[in-house]
Structure formats: structure tokens, C-alpha cells
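Please keep the sequence and the three-dimensional view at hand while reading.

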Amino acid sequence: MATTICSASSGSLAWKMSKRLLSAALALLLAFGTGCKRHVPTAAPGQTGAYVPPSGPPPAEIWKEFSGEKALAHVKAQCDLGPRPSGSAELEKARALITAELTRNGWNVERQTFTDTTPRGPVTFVNLIARYGGSKKTQQTVVCSHYDTKIFDTIQFVGASDGASSTGALMELARVLSLDPALAQRVELVFFDGEEAVVQYRQTNGVLTDGLYGSRHYAKDLATTGRAKQLRSGVLWDMIGNSRLNITLSPDSPAPLMQEIFAAADALRLRPIFSLSERTILDDHSPLNEAGIPTIDLIGFDYPYWHTADDTFDKLSAQSLQSVGAITLHWLKTTAGQPAKKYVGQ
Ligand SMILES: [Zn+2]
């Protein structure tokens with residue numbers, strides 16, 4: 001984010017000018033700019049310094065501020081990058097988009113970088129962890145998504161629903177939460193890398209050795225640093241863009257948390273979009289639950305284009321993103337993000 005510095009030649013040229021010529025040149029520079037990118041020492045878009053916190057009271061019904069259209073625009077920008085498997089240049093571009101949007105809205109974004117062994121050899125992964133308010137100690141709940149796409153050698157897979165949908169929605173959630181700084185500082189936003197298995201999910205001696213790389217690393221770090229005790233609940237979003245959204249809750253969903261989400265959905269008359277999956281779904285919520293953080297996976301696994309070349313942008317709707325965003329915001333504002341509230345499941 002450093003300001004670009006002009007080459008020295010323009011400076012030496014300036015010394016040869018008369019005082020009058022110099023002031024004329026300065027006037028021209030002020031009028032038309034220097035030709036150097038970002039020479040003027042103001043904060044560039046996306047820099048934390050450019051952010052001004054909102055003044056006045058936060059919106060009473062903050063869930064109404066979530067824009068499915070704005071979220072969908074972020075989703076499209078992710079899809080437009082093409083396939084975004086872990087370790088790829090395209091995924092670095094995705095990180096740049098996410099980071100710029102979050103910092104623009106006052107969030108500090110930490111890059112949690114690590115290397116893990118995969119069936120295709122070592123891969124360097126990067127989780128993005130966003131916090132609001134400058135402290136790591138105020139967060140009490142996590143909202144998360146994976147932003148990588150599964151690698152395929154034979155098809156062009158852009159993961160519109162599987163990767164991009166929840167990522168774009170989480171970017172919009174960051175904007176909305178920043179309207180309520182007290183609430184925002186109680187929420188940790190995490191964009192996981194490496195959710196997808198490089199080949200397929202597999203366990204060796206009961207331990208997962210392919211897939212969920214980012215969430216496994218994040219959960220391990222929380223346990224090591226003691227922050228696992230600080231975080232009382234979590235919501236994971238995955239595949240939430242399907243225009244015929246059916247959120248298929250995994251049977252391992254923590255029951256008290258499921259009731260809280262249902263209460264939020266009831267308040268917004270959105271309960272019909274939920275159903276219960278017969279099979280347990282392995283996803284990024286699994287390592288968090290194992291780390292003692294009750295986490296629910298809001299996933300639309302009832303999606304015929306899953307892991308096919310047809311998981312494309314045209315299958316998505318802004319309304320689906322809006323529904324999940326509003327339910328989660330309602331839950332954050334009335335329950336999980338309440339100050340000093342004890343999570344009922346603990
Ligand atoms: Zn997937």
C-alpha cells in the first residue's frame with residue numbers, strides 16, 4: 001500500500017527551471033496531476049486511513065441494510081477471475097478484492113499464511129481474518145466462508161455458488177456491520193483458503209489429510225493462542241447463492257445454535273428455506289466444532305450443479321444471498337453479538 005514514488009528525473013529537471021517557470025509548472029501539476037500513480041499523499045481507496053467511522057446511532061434493524069445486489073456484484077467479480085484453486089495467481093487476485101473491500105469499510109485484514117502437504121505436493125494457503133476496532137480481544141462470534149475453488153484438470157470450474165457466493169456475501173456483511181461499530185467489533189470474519197480437497201476428502205488414522213486446510217489451521221491456532229475460549233459461536237456460509245435456495249442443515253449442527261438461527265429466520269419469515277440433511281456434511285464448521293466453538297453450517301447442498309462446469313453465475317440470485325445475510329445479521333444483532341451475553345449452549 002506504499003505510495004508510488006516518481007522517478008528522480010522530474011526532480012532534477014525542476015532545478016533547471018527558473019522560479020517563474022517552476023510556479024507555472026506547479027500550477028499545471030495541481031491542475032492535471034503528475035502522471036505518477038497516487039503521487040498525492042492522500043489515502044488510496046481501500047487504505048485504512050481513508051476510513052471514517054459512521055456517526056450517529058446504528059440502524060435499529062441492521063438486517064434490512066444487507067443488499068443482495070451488492071453481494072451479487074462481489075460474487076460476479078470473484079467468478080470473473082476464473083478458477084481460483086489454492087496457490088493460484090487468480091486466488092491472490094481474489095484476496096486483493098476481498099482485502100480492498102474490507103479495509104474500505106474499516107476492517108483490519110490479517111493474512112494467516114501457512115504451508116501444508118497435499119496429494120499434489122506442498123501448497124501455501126492464506127486465510128484472511130478480518131477484525132474491526134483494532135483489538136483481537138473483543139470478538140465473540142465468527143462468521144466465515146471459504147473463498148477457494150476446487151481444482152479440476154478437465155473442466156473450467158468457477159465455483160459461482162461453491163466458493164464465490166458466500167465470499168461475496170461476506171464482503172457485503174463487512175460493509176453492513178461497519179454501520180454498527182459496537183456490533184462489528186464483536187464479530188470475526190474469516191475467509192478460509194483450502195476448503196476444497198486437492199483430490200478428495202480422506203482420512204488417515206482418523207485424521208483428515210485432504211481438504212479443510214484453512215479451517216483446520218485456523219482452529220489449531222485458536223487452540224494454541226487460547227482464543228478458542230473467547231469465541232462462543234460461529235456461522236459458516238457455503239453455497240448460498242442458488243436461486244432455489246434450500247439450506248440443508250447437517251445433523252451435527254449444535255442444537256441451541258440451530259434454534260437461535262430458526263428464531264431469526266422465523267422473525268424474517270424465512271424458515272421455509274431450511275431443511276435437515278440426512279447425511280452429516282463435512283465442511284469448515286467441523287474443525288471449529290472440534291475446537292469447542294459451536295458452529296452451524298448454512299449450506300445449500302441441494303444444488304444439482306455442485307462440482308460441475310455448470311456451477312456458473314447465471315444459477316444465482318441476489319434474493320438468496322439477501323435471505324442468508326439478513327438471517328445472520330438478525331441473529332448477530334439480537335443474540336450472538338449482544339454484549340456480555342452467555343451462549344446458551346455452554
Ligand atoms: Zn466444493
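The sections below treat the model as a whole, then its helix pairs, then selected residues.

## The model and its confidence

This is a predicted model, in which local features need pLDDT of at least 70, side-chain atom pairs count only at pLDDT 80 or more, and totals for chains, interfaces and linings use all residues. Residues are numbered from 1 along each chain as its sequence is written.

The term pLDDT denotes the predictor's confidence in each residue, from 0 to 100. The protein averages a pLDDT of 86, and 84% of the residues score at least 70. Over residues 1–48, pLDDT stays under 50. For that stretch the model has 27 contacts beyond four places in sequence, where two residues are in contact if their C-beta atoms, placed from the backbone, lie within 7 Å.

## Overall composition

The protein has ten helices and ten strands. Helices (H or I, at least four residues) and strands (E, at least two) are DSSP runs, numbered from the N terminus.

Of the 346 residues in the protein, 44% are buried. A residue is buried if 20 or more other C-beta atoms lie within 10 Å of its own, exposed if 12 or fewer, and partly exposed in between; these C-beta atoms are placed from the backbone. Among contacts between residues at least 6 apart in sequence, 79% join residues at least 24 apart.

## Helix H5 and its two partners

Axes are lines fitted to C-alpha atoms, for helices over the stretch in contact, and angles run from 0 to 180 degrees between N-to-C directions. Angles under 35 degrees count as roughly parallel, over 145 as roughly antiparallel, 65 to 115 as roughly perpendicular and the rest as oblique. A crossing is left-handed if the near helix is turned anticlockwise from the far one by less than a right angle, and right-handed if clockwise.

Helix H4 (residues 89–104) packs against helix H5 (residues 160–177) at an angle of about 15°, with the axes 9 Å apart. H4 is therefore roughly parallel to H5, and H4 passes H5 in a right-handed crossing. In this pair, Ile98, Glu101 and Leu102 of H4 meet Thr167, Met171 and Ala174 of H5. By class, the contact of H4 with H5 has four nonpolar, one polar and one charged residues; Ala, Val, Leu, Ile, Met, Phe, Trp, Tyr, Cys and Pro count as nonpolar, Asp, Glu, Lys and Arg as charged, and the others, Gly among them, as polar. The axes of helix H3 (residues 68–79) and H5 come within 7 Å and cross at roughly 135°, so H3 and H5 are oblique to each other. Their crossing is right-handed. The residues of this contact include Leu72 and Val75 of H3 and Ala164 and Gly168 of H5. The residues of the contact of H3 with H5 divide into eight nonpolar, five polar and two charged.

## Helices H8 and H10

H8 and H10 pack at an angle of about 110°, with their axes 9 Å apart. This angle makes H8 roughly perpendicular to H10, and the crossing is right-handed. Glu260, Ile261, Ala264, Ala265 and Ala267 of H8 meet Ile327, His330, Trp331 and Thr335 of H10. This contact of H8 with H10 comprises six nonpolar, two polar and one charged residues.

Leu179 lies in the loop between H5 and helix H6 (181–184). Leu179 is partly exposed because 16 other C-beta atoms lie within 10 Å. Although Leu179 and Pro59 are 120 residues apart along the chain, their C-alpha atoms are separated by 7.3 Å. Not counting residues up to four places away in sequence, Leu179 touches Pro54, Pro58, Pro59, Ile62 and Glu65.

Beyond four places in sequence, Val187 touches several residues, among them Val143, Leu177 and Leu332.

## Two positive phi angles

Arg269 has a positive phi of about 55° although it is not a glycine. Arg269 is found in the loop between helix H8 (255–267) and strand E9 (274–276), and is exposed, with 7 other C-beta atoms within 10 Å.

His307 likewise has a positive phi of about 55° without being a glycine. His307 lies in the loop between strand E10 (295–299) and helix H10 (318–336), and is partly exposed, with 15 other C-beta atoms within 10 Å.
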